[in-house]
Amino acid sequence: MNDPSAASPGPLPTIPPLVALAMRPLPLLPLQLVLAGVLRRIHRRNPAIFDRLGDHARARFGIKPIDLPFAFVVEARPPRLSVVRDLPRGLDARISASLANLLALLEGRVDGDALMFSRELVVEGDVEAVLALRNAIDDAQLDLAAEASSLFGPLGAPARRAFEAARGRVIGSSGQGGQSR
Amino acid sequence: MQLSLGPVLYNWAPERWRDFYFRIADEAPVDVVSVGEIVCSKRSPFLADHIPAVVERLQNAGKQVLLGSLILVSLRRERRQTDELAAAEGVLVEVNDLTCLRALAGRPHAIGPFVNIYNEASAAFHAARGARRICLPPELPLASVATIAKAVPDITTEVFAFGRVPLAISARCYHARLHKLAKDNCRFVCEKDPDGLLLNTLEQQDFLTINGVQTLSHTCANLLGEAGLLHESNVGSLRLSPQDCDMVVVAKAFRDVLDGRDDADGGNRRLAAAYPGVPFSNGFLWAEPGHVYRQARSGDAQGSAQIGTL
Amino acid sequence: MMELICPAGTPAALKSAIDAGADAIYCGFNDETNARNFPGLNFSRDEMRKSIALAHGRGARVLVAINTFPRASAVDIWHRAVDDAASAGADALILADIGLMDYTARRHPNQRLHVSVQAAAANPDAIAFYAENFGARRVVLPRVLSVPEIAEITRESTCETEVFVFGGLCVMAEGRCSLSSYATGKSPNMQGVCSPPSHVTYEQTMDGTKSSLGGFTINRFAVSEPAGYPTLCKGRFSTSQGAGYIFEDPVSLDATALLKGMRDAGVTALKIEGRQRGRAYVESVVRHFRHALAALESGSEADIASLKPFTEGQASTLGAYRKTWR
């Protein structure tokens, strides 16, 4: 039986090094403003999202897309996001993976454990906090395109289409499971 | 406080096994002795011939004898063996798997440390169905031990007080796997390790002990320092699990401390000399990782506080 | 047709499982009463009520796992879990502790009771004990049995049987293992966690990744070598007889190839492990087995390779179902 819905994995694409190099001189502040806006928006629309973090709500997570020349520091309570060139010391946990995998994880389209098994996701520091974060995000059923486009007010619909096109290019049209919801 | 000797868990040569018990009967100050092959049903036939003589010698020496049932029963042959054991007369069966309970049908019996009794409700259930003695699972903390022992005052509550701690049982034989043999054709390679096979981490930390289908700790449980606390907690018996060392010395060390002829420090020195090179542990009792050894002092302030809150 | 029993660690995963074709979902409360007591996982009382209502509305059943062993002096926490699951409309309770089964059978005599795999009922006599004493209707079989042994059990038992077909694989008899608490102080039986993440560290070295649990090195992986969970029984160790995976390689169970054998053996229900996994896992694995069961019905071949990315060490095993090591 050739099951079309069965997992058809294969690693997700990474950003080509040349593109990453070209992004290096970009100023980080605009990106930080946009992403922090997305985070606040997500939090406003899903106020219970970080309840699942429990005791880890105050943890500082460092998130490093391995194919980009910058990284993120994320906190849940209060929701805070900063963009940095290099992750600072003193973080509770660090998570690194390709941007495509990180986005797919955010939307629950790939299985975090599977990425660990294939070594595409690397976790250091407080493993329990990372697990709590993963579970909180997985239950929230985030749709990044919707969250991002809502920032653009009346231009939301075109912005959403643009994001989905960009996501399609980065992640591929489907996640690990091979099916879209 | 009674002392009991658990069954030999390792694969000892039959004559050696018999002579071990003969000497226990003659010399060891233990009140109760549990005998029988409970780890691997393939080993049982070798001991069967010697069991009657061993039981007789122990009983003549005034010891109460328990016959232990297999820990993991899955094959038809193992079920039959367990049924036959349950029918035994003149000795108390020590139940190590619930399979045995059905055949015992409410007759008096003992419960071994491999039956999951974690709370007073489960202990009461077993007590109502004929359990006369319960040896609690080794991973139980003192607070649980005390609650359970007080909830079933009519039966003897026992804790695992000396020996490598049994941690897991499997259908699969790790001695055979390590020697690249099938379980059915294992050539009884486990007999080469009468005190189990040491398992290290990749960084050479001593960690576990392999005994065929069973996995034990590398450390040796030692609750001699907690004997007073356990006594105050209504525990009525301490179990000593046979290791490849002089168990008569071990039993005497415990008996002397219990009877006030020696103190815990003196007893611990004798235990360390009798079983050298193997670190002690008592972490489970203190709700810590099981491998930890917390130096107990008699009248330990923290210990008394814990008892006080029970 | 055999029932498909699927895991859910969150309400969202429960919905994914129903979407993907689950007949029933098993899940637990977000506390120490269930054996997957991981941070951020499981259901509040309110989420449980709503999820059961949602499942029932879509024709799926919900089995609530209350399968740790109640702590002495705190048994009422587990009693409340039983009461709340029953009043939330649970279709069955999955229990491991004898005292708790006794309570449930007396207090909720009409509540369907399943014997958890943690109770380690590995033969017809043990199963009969649970059926006779507590009216247990189904037993989840330990992963130590071969298919012929399972067939023998279903022939001799009045109890229905449920067997694991995919996911994490205990190589030790379940519910009878203290390896985790020996290294960390936390055990599946008491705290509902095995090799808890709070005690796991990953260290990146020049040669790759080193995983440890409670200070004990569990494994070292080269940079591109597939990895597994840092569970003790799947670690790499050394002995005087050689080093390596002494207990079991990092692999997951995948019994897709044995579904026909399971059906012929009289198995009632197939269970997928993985309440700690995410929606992507639940959706893909459930859909895979839904298709495999359909293929079994129509007599066509099931695809057995497609779940590899979800397996530990990127490898699968038939476990004890086919005892190559016997």
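Two strands count as paired if DSSP finds at least two bridges between them. Helices (H or I, at least four residues) and strands (E, at least two) are DSSP runs, numbered from the N terminus. Welcome to a predicted model, in which local features need pLDDT of at least 70, side-chain atom pairs count only at pLDDT 80 or more, and totals for chains, interfaces and linings use all residues. Residues are numbered from 1 along each chain as its sequence is written, while chains are lettered from A and ligands numbered from 1 in the order in which they are written.

**View 1. Strand 3 of chain B and its parallel partners.** Strand 3 of chain B pairs with strand 4 (residues 92-95) of chain B in the parallel sense, over 3 bridges. A residue is buried if 20 or more other C-beta atoms, placed from the backbone, lie within 10 Å of its own.

**View 2. The open sheet of chain A.** Five strands with mixed pairing form this open sheet, in the order 3-2-1-4-5. Its edges are strand 3 (80-84) and strand 5 (122-125) of chain A, each pairing on one side only. Neighbouring strands are turned by 20° against each other on average, direction ignored. Helix 5 (residues 127-140) of chain A packs on the sheet and touches strand 1, strand 4 (93-97) and strand 5 of chain A; the direction of this helix makes about 60° with that of strand 4 of chain A. Axes are lines fitted to C-alpha atoms, for helices over the stretch in contact, and angles run from 0 to 180 degrees between N-to-C directions. Residues are in contact if their C-beta atoms, placed from the backbone, lie within 7 Å. Within the sheet, strand 1 (residues 60-65) and strand 2 (residues 71-75) of chain A run antiparallel, joined by 4 bridges, and I63(A) is partnered by F72(A).

**View 3. Helix 1 meets helix 9 in chain C.** Helix 1 (residues 11-19) and helix 9 (residues 279-298) of chain C pack at an angle of about 15°, their axes 8 Å apart. They are therefore roughly parallel to each other (angles under 35 degrees count as such). Residues in this contact include A13(C) and S16(C) from helix 1 of chain C and V282(C) and V286(C) from helix 9 of chain C.

**View 4. Helix 6 of chain C.** Which residues of helix 6 (residues 147-156) of chain C are buried? They are V147(C), E149(C), I150(C), E152(C), I153(C) and T154(C). These pack against helix 5 (124-134), strand 7 (160-167) and helix 8 (259-264) of chain C.

**View 5. Chain C and its neighbours.** Contacts with chain B bring together 51 residues of chain C and 53 residues of chain B. Helix 7 of chain C gives the largest share of the side of chain C that touches chain B, 5 residues. The contact between chain C and chain A takes 39 residues from chain C and 38 residues from chain A. Helix 9 of chain C gives the most to the side of chain C that touches chain A, with 9 residues.

Key
Two residues are in contact if their C-beta atoms, placed from the backbone, lie within 7 Å. A residue is buried if 20 or more other C-beta atoms lie within 10 Å of its own, exposed if 12 or fewer, and partly exposed in between; C-beta atoms are placed from the backbone. Angles under 35 degrees count as roughly parallel, over 145 as roughly antiparallel, 65 to 115 as roughly perpendicular and the rest as oblique.
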